[in-house]
Amino acid sequence: NEIPVHQVVSRFLKEWGSGRWEDRSEHHSHREAEILRLSIDKALWELNWKPVWDIDKTIQATAAWYKQWMTNPHSTRDCSLRQIVAFEHDASLLCQS
């Protein structure tokens, strides 16, 4: 999955259920690069690794964890454990296919 940062933020806010953002970057300022990418190529080729969750599921889980932390910071351990179990379940299904 490859999506621009503004889409990551928009999808996160949708999962969060509220909030807004605005692009405050100075369009005439010096930019690092037009496109910055995180590459998993080496993990794919050398480790035969595949991502388990797509970008939407990842953003959903991340938003859920932060909501839990904002509501009750002491319950994030339980939330983390539930998400680990769900991730492991989905990983086992991926291995079976």
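Me: In this predicted model, buried means under 20% relative accessible area, exposed means over 50%, and partly exposed lies in between. What makes Trp65 count as buried, exposed or partly exposed?
Reply: The relative accessibility of Trp65 is 24%. That value falls between the 20% and 50% cut-offs. Therefore Trp65 counts as partly exposed.

Me: Why is the pair of Trp65 and Tyr66 called edge-to-face?
Reply: The ring centres are 5.0 Å apart and the planes stand at 80°. Pairing needs centres within 6.5 Å, and edge-to-face needs an angle over 60 degrees. Both conditions hold, so the pair is edge-to-face. Tyr66 is itself partly exposed, at 42%.

Me: How many aromatic pairs are there by this rule?
Reply: The count comes to three. Trp53 and Phe87 form one of them, edge-to-face, with 5.1 Å centre to centre and 80° between the planes.

Me: What makes the link between Trp53 and Phe87 one of distant parts of the chain?
Reply: The two residues are 34 apart. Trp53 sits in the loop between H2 and helix H3 (55-71), while Phe87 belongs to helix H4 (residues 76-96).

Me: Is Trp53 buried or exposed, and how do you know?
Reply: Trp53 has 17% relative accessibility. The limit for buried is under 20%, so Trp53 counts as buried. Phe87, at 35%, is partly exposed.

Me: What makes the charged end of Lys57 sit over the ring of Trp53?
Reply: The charged end of Lys57 lies 5.1 Å from the ring centre. The distance cut-off is within 6 Å. An angle within 35 degrees of the ring normal is required as well.

Me: Why do Asp56 and Arg11 count as a salt bridge?
Reply: Their N to O distance is 2.9 Å. The rule asks for within 4 Å, so the pair qualifies as a salt bridge. Asp56 lies in helix H3 and Arg11 in helix H1, so this bridge ties together parts 45 residues apart in sequence.

Me: How do you know whether Arg20 and Glu22 are exposed or partly exposed?
Reply: Arg20 has a relative accessible area of 67%. Exposed needs over 50%, so Arg20 is exposed. Glu22, at 43%, counts as partly exposed.

Notes
Residues are numbered from 1 along each chain as its sequence is written. This is a predicted model: local features need pLDDT of at least 70, side-chain atom pairs count only at pLDDT 80 or more; totals for chains, interfaces and linings use all residues. Side-chain values use heavy atoms; hydrogens and water are left out. Rings of Phe, Tyr and Trp (its six-membered ring) pair if their centres lie within 6.5 Å; planes under 30 degrees apart count as stacked, over 60 as edge-to-face and the rest as tilted. Helices (H or I, at least four residues) and strands (E, at least two) are DSSP runs, numbered from the N terminus. Buried means under 20% relative accessible area, exposed over 50%, partly exposed in between (1.4 Å probe, protein chains only). A salt bridge is a side-chain nitrogen of Lys or Arg within 4 Å of a carboxyl oxygen of Asp or Glu.
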